[in-house]
There are 2 protein chains.
Amino acid sequence: MGFEFDREIAVRPGVQPGERYAVLSDQWRIGNGVHGGVLMALGAAGLAAELDGDGAHPDPIAFSAVFPTPSVPGEVIVRTEVLRAGVSLSQAQVRLLQSDGDGLAERMRAVALFGDLGKRAEPVLRSASPPLIASPDECVGSDGAIDFLAHSTLLDRMDIRLTQETAGWAQGTPSGNGRLDGWVRFADGREPDVLAVLWALDAMPPVAFDLGLYGWTPTLEFSAHLRAHPSPGWLQVELRTETVVGGLMEEDARIWDSTGRLVGQSRQLCGWRLRQRG
Amino acid sequence: MGFEFDREIAVRPGVQPGERYAVLSDQWRIGNGVHGGVLMALGAAGLAAELDGDGAHPDPIAFSAVFPTPSVPGEVIVRTEVLRAGVSLSQAQVRLLQSDGDGLAERMRAVALFGDLGKRAEPVLRSASPPLIASPDECVGSDGAIDFLAHSTLLDRMDIRLTQETAGWAQGTPSGNGRLDGWVRFADGREPDVLAVLWALDAMPPVAFDLGLYGWTPTLEFSAHLRAHPSPGWLQVELRTETVVGGLMEEDARIWDSTGRLVGQSRQLCGWRLRQRG
């Protein structure tokens, strides 16, 4: 039957040009909404299908999204628009729409750059190295310490590990450094690809937890670069934040594959509130 | 008569709802095209006008753009679309269009988050500090070392200073660190505001020069966060790059105002080619 992630981001042909349909399940929920990383991967999957006519530009290379209204499980329209189909790169837009009683409500709008990362593995002038952290087996698993999202179904879809140093928040002792280090992979054994990296950039617990900010930190804007096709195995993830002001903070994520190659990085703007742990 | 930057990003009412007009002068050129930072500031100015109905959301807080075709001096249509006008934040899109013989060509498309940064100065949980660098007077000015863009008009609009340590590329001895540190302000004395910070995030020489990559590094995608209203005076700018692979590289920029407050940060994806200095 295939893997859960592939089923979740599968698109089927629509009636209008540039329109496709998908179904958001109840299995990638965080709180009452659908996980933003799934929405972005779905949007990118729709664009990949649209730009796959000649097979030239299968990969998102840059993807920047805003989220006007919260998504819910159910039918979704994936509406794409190609702004320019170039020789080596294409620019495009994707929108996710859901019925909302009165009509269609827009859940996500993104602009994206597509190309072929398979042709961009070389030359390597320099590449950011991953921080040296404990192996997944030596890290804290999501079965124990990470129980804050027990009512979300998202955590069942993945295997998350955090270093002991950056998992203190789960016991109420955040480091205060604004940093999380760890590993992530799909629970059902699906190996990572570029769309999985886009998803994973948003899949770790909020870095805000490491500052003792345990409230909801909604993603207001998300911008990712995908730089290489990941090799099979764990993805190493690093989250950081430095500027936490006026109810806004950035969350910077970087992901390396099992060979230590940087495969993606992102910056999102999140909201936060001063609130004690509930 | 006002200041040059204000004239360049001035919009006048259009015929259609959400449509405004502007004129790109020949005075902010880099090569044959119009500087991308000017295009983004113009787009943000158009959105600010659109969202200014109740005066609630005057400031871009996040702004992510792609550039399907190169802009040229001349008339430009600024077409805005408000996706959601919220209580504290609004999501919107802006497009820049120019006549291109056959019809309208899209020069830039951006999604943006707007709000009121004046209400977001507090609380400050943490904020990135600027690197300690030499004062503008102790840095290298654009009148001497920076002569590589002598045919561009952009440089006449601003005063750029780089630290001695990161200006070596101008004498053919780049540090190889992938880093530029310096200062920027408008040449005509206009003080910075949020739109100026958006412009300035893209206004320094390419960080690629510090790696000895002296060729053209076109901006493929640009994503910025604006975090505070800047105080008057110089803007301190830091540029970095870490992953330079397969003809793509990121350029990370951070800007602090004269009080040392982080006012903006950005990441852009640029193209690069192995080429000797021309």
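Trainee: In what sense do strand S15 of chain A and strand S9 of chain B pair, and over how many bridges?
Mentor: This is a predicted model. In it, S15 (residues 244–245) of chain A and S9 (residues 124–126) of chain B pair in the antiparallel sense, over two bridges.

Trainee: Which residue stands opposite B:Val124?
Mentor: A:Val245 stands opposite B:Val124, which is in S9 of chain B.

Trainee: How many residues does each chain put into the contact?
Mentor: Chain B gives 58 residues and chain A gives 58 residues.

Trainee: And what area is buried between chain B and chain A?
Mentor: About 4800 Å², with carbon and sulfur atoms giving 58% of that area. On the chain B side, B:Arg126, B:Arg227 and B:Arg267 supply 16% of what chain B buries against chain A, more than any other three residues.

Trainee: How many salt bridges are there between chain B and chain A?
Mentor: Six between chain B and chain A. One of the pairs is A:Glu81 with B:Arg109, where the closest N and O atoms are 2.9 Å apart.

Trainee: How many residue pairs are in polar contact between the two chains?
Mentor: The count is 39 residue pairs, with both residues at pLDDT 80 or more.

Trainee: Which strand gives the largest share of the chain B side?
Mentor: Strand S17 (residues 262–271) of chain B, with six residues on the side that touches chain A. By class, that side of chain B has 26 nonpolar, 17 polar and 15 charged residues.

Trainee: Back to salt bridges. What is the count over all chains?
Mentor: It comes to 40 salt bridges over all chains.

Trainee: Is B:Arg227 buried or exposed? And A:Glu250, buried or exposed?
Mentor: B:Arg227 has 3% relative accessibility, so B:Arg227 counts as buried. A:Glu250 has 2% and counts as buried.

Trainee: Now within chain B. What does B:Arg161 form a salt bridge with?
Mentor: With B:Asp137, the closest N and O atoms being 3.9 Å apart. The pair links distant parts of the chain, 24 residues apart: B:Arg161 is in strand S11 (residues 158–162) of chain B, and B:Asp137 is in the loop between S9 and strand S10 (140–141).

Trainee: Buried or exposed, for B:Arg161 and B:Asp137?
Mentor: B:Arg161 counts as buried because its relative accessibility is 15%, whereas B:Asp137, at 70%, counts as exposed.

Trainee: And B:Glu238, which residue does that one form a salt bridge with?
Mentor: B:Arg179, with the closest N and O atoms 3.1 Å apart. These residues are 59 apart in the chain, B:Glu238 being in strand S14 and B:Arg179 in strand S12 (residues 179–186) of chain B. B:Glu238 counts as buried at 3% relative accessibility, and B:Arg179 is partly exposed at 23%.

Trainee: Which residues do salt bridges with shared partners join into one network?
Mentor: A:Arg179, A:Asp181, A:Glu238, A:Arg240, A:Arg254 and B:Glu242.

Terms used
Residues numbered from 1 in each chain as written. Chains lettered and ligands numbered in written order. Predicted model: local features only at pLDDT ≥ 70, side-chain atom pairs only at ≥ 80, totals over all residues. Heavy atoms only, no water. Contact = heavy atoms within 4.5 Å. Buried area = accessible area lost by both parts, 1.4 Å probe. Salt bridge = Lys/Arg side-chain N within 4 Å of Asp/Glu carboxyl O. Polar contact = N/O pair within 3.5 Å; in protein donor to acceptor, adjacent residues only side chain to side chain. Helix = DSSP H or I, 4+ residues; strand = E, 2+ residues; numbered from the N terminus. Nonpolar A, V, L, I, M, F, W, Y, C, P; charged D, E, K, R; others polar. Pairing = 2+ DSSP bridges. Buried < 20%, exposed > 50% of the residue type's maximum accessible area, 1.4 Å probe, protein only.
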